[in-house]
Amino acid sequence: MTELFGIPMSTIVVALAAMLAICLLSIAWVWTRRRVIFKLGARNIPRRKAQTALIVFGLMLSTLIVTAALGTGDTVNGSMTSEVYASLGQIDQVVANPIDDDLDGNSFSATIPESAWTDLQPAIDGIDQIDGASPFLERRASVRDVKTGAGLPEIVVMGIDLATVDSLGGLGDPSGTRAIDLDVLPDGAVILSQQTAADLSAQPGDTIELFIGDRNQEFTVATVVESNYLSGMRRDNDTGEEISGLVMRLSDLQQLSGLEGEISGIALSNTGGVRDGLDHDLAVQQALQSSVDEAGLSVNPLKQNWLDLANLTASVFTGLFLVVGLFSISAGILLILLIFTMLAAERRAEMGMARAVGAQRSSLVQQFMSEGTLYALLAGLVGSALGVGVAYLISRSFASVFGEYAHVQTSISATSVIAGYCLGVVITFLAVVVSSWRISRLNIVAAVRDLPDAQRRRRAWRTYLWQALMVAGGVLLTLQGVSSSSAMAFTTGVSLLTLSIALILRQVGLSSRLVFTAAGLFLLVFWLLPDNIFERIFGTYEGDFEMFFVSGIFLVVSSTLVIMQNDRALLGLVSRLGSIFRSRGAALKLGVAYPGAARSRTGMTIAMFSLIVFSLVMIATINLNFERAFLGDSASAGWDIEAKTANNVPLDDLGGQLEAGGMDPDSIAGIGALTRAADGRVALPGSTDWKDLDFTGMDAGYLADTEWEFIGRAAGYPSDAAILDAIQHEPGVAVVDSFLVSGMDDPALTGLFESIEATDQAFTPLELQVRNGEGTPETITVIGVIAPKLSTFVGLYASDATAAPLLQTDAETSYVVKLSDRSQAADAAGEIQSIMLPSGVKATSFQQQIEENQESNRGFFRILESFMGLGLIVGIAAIGVISFRNVIERRQQIGVLRAIGFQRGLVSWTFLIEAAFVVGLGVLSGTALGLMLARNLLTGNEMGATGDISFVVPWSTVGFVLALAVVASLITTWLPARQASRIVPAEALRYE
């Protein structure tokens with residue numbers, strides 16, 4: 001991966017390395033100038049090996065998450081770029097018709113005169129940066145093996161110039177070890193790509209029949225070559241599936257396709273190798289510019305375009321995994337603060353003595369920084385190694401889920417590992433510095449006597465400074481959000497203002513419980529307001545995926561505030577259960593009393609679990625509801641099979657051809673045709689601001705048998721039947737899909753439909769101008785909004801009578817078939833495809849498509865949820881650290897309990913109940929917040945505008961997460977609880 005968020009990875013690594021160097025230099029200064037302080041910090045690491053292992057295990061998560069996310073981006077980028085280099089080989093650029101510039105060379109729709117090759121040859125030969133050039137013609141066709149009868153409805157046929165193709169690297173055998181001698185290609189022979197040969201079970205010497213348009217011809221298979229661009233390998237622009245290919249002489253393809261004297265383009269190879277030839281792209285373009293301009297052509301940097309797409313895709317995946325990983329990173333930061341808070345509590349008397357004999361606060365900070373940095377460096381190594389392992393597992397998961405659409409190869413660069421290590425260590429270091437500064441603030445007398453610090457009403461000037469900064473930041477962010485309509489800025493600003501006001505009110509003497517409970521409840525309501533109410537109160541704001549993280553942080557902070565400010569009520573409620581469980585009553589009361597005595601520690605632990613569970617539950621809930629709403633059986637509107645021709649050529653009487661081919665006519669209940677504009681555009685009446693939009697015409701057969709539903713209706717059309725009748729009989733009317741109206745499909749089109757509420761049952765009919773390409777525009781009137789569960793239908797739909805003047809000949813036609821027995825869809829699709837193979841028809845079962853989409857969707861979200869679930873490691877490690885520290889801190893208390901008659905089992909139960917109580921609060925809080933926010937998003941204005949989503953809770957996922965979090969935490973707690981139960985009272989009472 002070369003870029004992330006538009007920033008070169010090399011720049012990111014240098015910046016992170018510089019930050020790490022600054023961190024290490026500060027510790028090096030301590031080691032050099034304050035050697036004793038450094039040793040005091042470092043000596044604690046080997047003293048308790050089990051505790052050190054737990055701390056390192058917990059601290060490594062930030063490095064693991066970042067490394068795994070970057071490694072995932074490397075894998076996506078590496079897989080796609082490897083395919084680009086393997087496919088294109090020496091081909092770097094293509095001279096072609098400017099019409100095809102936007103197709104990225106994956107399919108050529110236009111041709112250019114073959115004379116352009118002759119005219120441009122002198123200019124090409126005169127450019128030192130070009131070492132190869134060859135003309136080619138590309139056509140889509142269907143093919144059948146005469147002997148086996150196996151066929152393919154769509155392949156790419158490449159017509160190549162035998163005299164010049166070797167300058168592009170030529171064609172290699174399937175192993176890629178040697179080049180094929182094309183001079184021996186006999187007349188009437190073709191060369192199959194390896195994939196085509198496998199699909200047809202064809203071998204050299206077999207006879208194949210090729211169908212292009214209304215022409216067909218038999219050829220002999222001369223040989224089989226590796227699958228690459230020259231042999232016709234492509235990927236479908238819509239599905240991503242691989243398309244097979246074959247090769248023949250350029251003149252043979254021109255004759256067969258009726259394109260004598262025409263070619264698709266001229267492939268160019270820059271000097272240099274497969275990769276470094278790209279360095280000459282700009283020089284070649286500049287040198288050829290005048291010649292291609294004169295010929296009315298353009299130079300398409302094909303290889304670079306494909307590589308840019310690969311890097312963009314990798315950056316999107318990396319960004320997605322980093323954003324969802326922020327929850328785990330945030331939980332990891334809380335764990336760091338928690339660990340050092342507990343270490344400080346253990347060493348409080350020691351720190352007090354150090355201050356009493358003259359040590360400064362800075363000395364304590366440096367001591368903890370030294371210890372924390374050593375932990376961080378160790379944790380970074382562990383996290384980097386595990387991050388590489390996680391990235392490998394993700395890549396293998398990608399291969400199992402998306403292997404049909406890409407050749408996934410694990411590829412993790414040293415740059416990503418270094419970046420992950422540096423960022424993880426820097427994050428940990430900064431958290432250590434903050435926690436070290438915080439714990440260095442202690443009352444010397446109270447610390448020496450190991451007593452709690454006395455509460456002081458008087459605050460230092462720093463307190464007022466921080467409060468002023470929070471207020472200023474909140475005001476500035478709120479104003480910036482209002483002016484720019486940024487949801488992130490506005491909501492963050494309001495949240496900071498609320499918290500800062502609460503701090504100020506607490507400062508002037510109001511009840512802490514009252515103030516912070518009110519602030520927490522206000523923020524919970526603020527963040528969980530339904531969209532329509534929020535917009536009525538605060539206005540409309542725009543946000544993106546980052547709001548997922550921001551909302552999660554503030555919701556968890558708010559809920560934790562409410563919980564911890566009212567902990568006594570919760571603890572009292574739980575402790576009353578002691579009367580029910582008589583044998584464990586004392587353990588229950590002690591177990592729920594301890595969290596209230598260490599509120600800061602308890603609050604951070606609850607927040608950790610709440611953050612992780614919130615993200616998991618919310619993603620799982622959104623995934624399940626999306627799948628049920630948009631990937632259900634209703635998506636196809638009652639049709640069973642979709643049939644398309646490779647070149648989108650209309651068919652004459654599809655039903656008659658199927659019957660003539662032997663298909664039982666009684667098995668077919670209906671056939672419909674859809675004709676889509678090749679370049680649909682739309683604008684408001686009188687406007688010249690044309691926007692791209694799919695526009696489709698429907699024939700009478702389609703309208704008669706379709707099972708459409710509408711969530712919005714124009715005035716005068718009270719039912720679905722009324723809208724369908726109007727489409728059939730009223731000229732100039734159309735319907736639109738709900739995703740366009742809501743702005744979810746393309747935000748740029750939202751302004752066109754702002755006068756329509758998707759679920760309005762009597763909206764004013766909307767007039768629009770529609771045209772195909774640069775054709776003459778027509779006025780159409782929108783009278784209905786298609787239900788979102790019909791998710792396969794995108795754009796504007798009208799009858800053929802309304803669409804015909806717009807579409808004319810520049811359109812793409814597809815067909816749908818309804819069966820008498822829907823359970824036979826897969827077999828019927830195969831039969832249709834076999835019968836219509838000469839016409840290049842590819843038939844697919846809608847149900848099969850839906851099931852494949854569901855499986856891909858589930859597979860991807862399983863990967864994402866597993867990645868996010870790594871955050872549970874933080875919570876489990878936190879509980880383990882807390883439990884070990886509790887045993888040490890409470891050694892004397894345990895001795896007293898044992899001395900007054902507590903049995904070993906009762907002591908163990910006390911620790912287990914405490915862990916279950918804290919974890920349970922965090923898990924329940926995160927679950928409730930995740931479900932409520934997910935419901936708001938799914939039923940809010942943007943999603944709600946697509947229709948009535950029946951909100952479903954993924955109980956199986958929720959139950960699994962709950963059980964995993966609680967059980968794993970109890971298992972982690974069991975060892976220290978067992979250790980506590982074995983403490984001898986006499987030894988514990990003498991412990992200091």
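**Note on three regions of the predicted model**

1. Strand β17 (residues 668–677) and strand β20 run antiparallel and are joined by three bridges. Strands here are DSSP runs of E of at least two residues, helices are runs of H or I of at least four, and both are numbered from the N terminus. Two strands count as paired if DSSP finds at least two bridges between them. Thr675 has Gly697 of β20 as its bridge partner.

2. This is a predicted model, in which local features need pLDDT of at least 70 and side-chain atom pairs count only at pLDDT 80 or more, while totals for chains, interfaces and linings use all residues. Residues are numbered from 1 along each chain as its sequence is written, and side-chain values use heavy atoms, with hydrogens and water left out.

3. Strand β20 (residues 695–698) also pairs with strand β25 (residues 796–799), in the parallel sense, over four bridges. In β25, Ala798 stands opposite Gly697.

4. Which way do the residues of β20 point? Phe695 and Gly697 point one way, Thr696 and Met698 the other way, and all are buried. Buried means under 20% relative accessible area, exposed over 50%, and partly exposed in between (1.4 Å probe, protein chains only).

5. Leu505 lies in helix α15 (residues 487–507) and is partly exposed, with a relative accessible area of 35%. Leaving aside neighbours within four places in sequence, Leu505 is in contact (heavy atoms within 4.5 Å) with Leu510 and Val515. Leu505 and Val515 are ten residues apart in sequence, and their C-alpha atoms are 7.0 Å apart in space.
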